[in-house]
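Subject: Structure handover

Hello,

Here is the structure I said I would pass on. My notes on it follow below.

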Amino acid sequence: MTTHRTRMLIIGSGPAGYSAAIYGARAGMEPIVVQGLQPGGQLTITTDVENYPGFADVIQGPWLMEQMQAQAEHVGTRMMWDTIVEVDLEGGSPFRAIGDSGDEYVGDVLVIATGAQAKWLGVPGEQELGGKGVSACATCDGFFYRGKKVAVIGGGNTAVEEALYLTNHSDDVTLIHRRDELRSEKILQERLFKSDKISTLWNKTVERFVAGENGALAKLELVDTVTGEKSELEVDGAFVAIGHAPATELFKGKLPMDDSGYLLVEPGTPKTAIPGVFACGDVMDHTYRQAVTAAGTGCMAALDAERFLATLEFAEKEAAE
């Protein structure tokens, strides 16, 4: 087993982790990023990205993550191809983590950027048509379906919000829900039912996503949850909106979380309940979940980490004197 020591240990990559690494490296903290099972995060499975600032033309998600990683490495970040399986936060700084490789990682500050994953239906055609008509983020991809027929699958706040957002681009939005009533907040339901651009299919589940001759999504195969009757719905785009799952299993019982498993932070900051431990990106943000907001909180985590270390070092110096 090898022990890797650093002033700043970052668990997870993606826009939040890489941004924290860039700022941390420029501050001389020589960060280590343990990249996890999906280096680059959710953007590595996203094709066209049109809403990240600084690019006039559409860019590719994997390319953007490659550039962020290269930038972080260029300014002095060490990338480790490992997955953290255990963390020790007791006793405060320094914090320890054990990788799947058996290596130990020790950091004076810890930045958690493990992200979140969209929940999927797990039906045929869903993953194969990802980026080809099937998406889990209307804010990210809705723009590509201007004037086209789209569907949203789900019945909670996320689904209703996605359907309402899509009316900015489409006059033909169908909400598909497996029950006969929605679980979303009443005010959102009122807005949904008042919209003449949204129709609702009750008691329906998607059994299959079907591609057309061009290889993109063409229709949904549906089944009635009450009668078992099968039907089809022709669509150009389908948005799966059944929630997200934050990657916080490592920190259960070690850091405060909300009912959905997102890490709790001090409002307006990335500070967790443990001094020196910071959370950034989708692991603590269940509202926005955008690459640019994740990158912003990664920057905040690095700046707060730098201040924490400066205060710690000043106190140690005073104690020694």
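P94 is placed in the loop between strand 6 (84-88) and strand 7 (95-99). Helices (H or I, at least four residues) and strands (E, at least two) are DSSP runs, numbered from the N terminus. The peptide bond that joins S93 and P94 is cis, with omega at about 0 degrees.

This is a predicted model, in which local features need pLDDT of at least 70 and side-chain atom pairs count only at pLDDT 80 or more, while totals for chains, interfaces and linings use all residues. Residues are numbered from 1 along each chain as its sequence is written, and side-chain values use heavy atoms, with hydrogens and water left out.

E30, a residue other than glycine, has a positive phi near 45 degrees. E30 belongs to the loop between helix 1 and strand 2 (32-34) and is exposed, with a relative accessible area of 57%. (Buried means under 20% relative accessible area, exposed over 50%, partly exposed in between, with a 1.4 Å probe and protein chains only.) R289 is not a glycine either, and its phi is positive at about 50 degrees. R289 is in the loop between strand 19 and helix 6; its relative accessible area of 19% makes it buried.

Overall, the chain holds 6 helices and 19 strands. The C-alpha trace spans about 75 × 40 × 35 Å along its principal axes. Of the 321 residues, 48% are buried. Contact means heavy atoms within 4.5 Å; among contacts between residues at least 6 apart in sequence, 59% join residues at least 24 apart.

Next, the interior. A nonpolar core is a set of buried Ala, Val, Leu, Ile, Met, Phe, Trp, Tyr and Cys residues joined through side-chain atoms within 4.5 Å. The largest one has 30 residues, and M8, I10, L64, V109 and V111 have the most contacts inside it. Two or more residues each come from strand 1 (3-11), helix 1 (14-26), helix 2, strand 8 (104-112) and helix 6 (291-320). Helix 6 gives the largest share of this core, 7 residues. Leaving aside neighbours within four places in sequence, M8 is in contact with A20, G24, M29, P31, I32, V109, V111, A302 and A305. Another core, of 21 residues, lies apart from that one and has I11, F95, L255 and I274 among its members.

Helix 6 has 30 residues and reaches 43 Å from first C-alpha to last, close to the expected 44 Å; the expected span is 1.5 Å times one less than the number of residues. Its buried residues include A294, A301, A302, D304, A305 and F308. The cover over the buried residues of helix 6 includes strand 1, helix 1, strand 8 and strand 19 (277-279).

Q69, in helix 2 (residues 61-74), is buried at 16% relative accessibility. Beyond four places in sequence, Q69 contacts Y18, Q35, M79 and W81. E104, in strand 8, is buried with a relative accessible area of 15%. Not counting residues up to four places away, E104 touches M1, T2, T3, H4, R96, A97 and I98.

Last, the rings. There are 5 aromatic pairs. Rings of Phe, Tyr and Trp (its six-membered ring) pair if their centres lie within 6.5 Å; planes under 30 degrees apart count as stacked, over 60 as edge-to-face and the rest as tilted. F55 and W63 are edge-to-face, at 5.7 Å centre to centre and 80 degrees between the planes. F55 is partly exposed at 33%, and W63 is partly exposed at 37%. Y145 and F239 have ring centres 5.6 Å apart and planes at 85 degrees, so this pair is edge-to-face. Y145 lies in the loop between helix 3 (138-141) and strand 11 (149-153) and F239 in strand 17 (residues 237-240), so the pair ties together parts 94 residues apart in sequence. Y145 is buried at 12% and F239 is buried at 0%.

Regards
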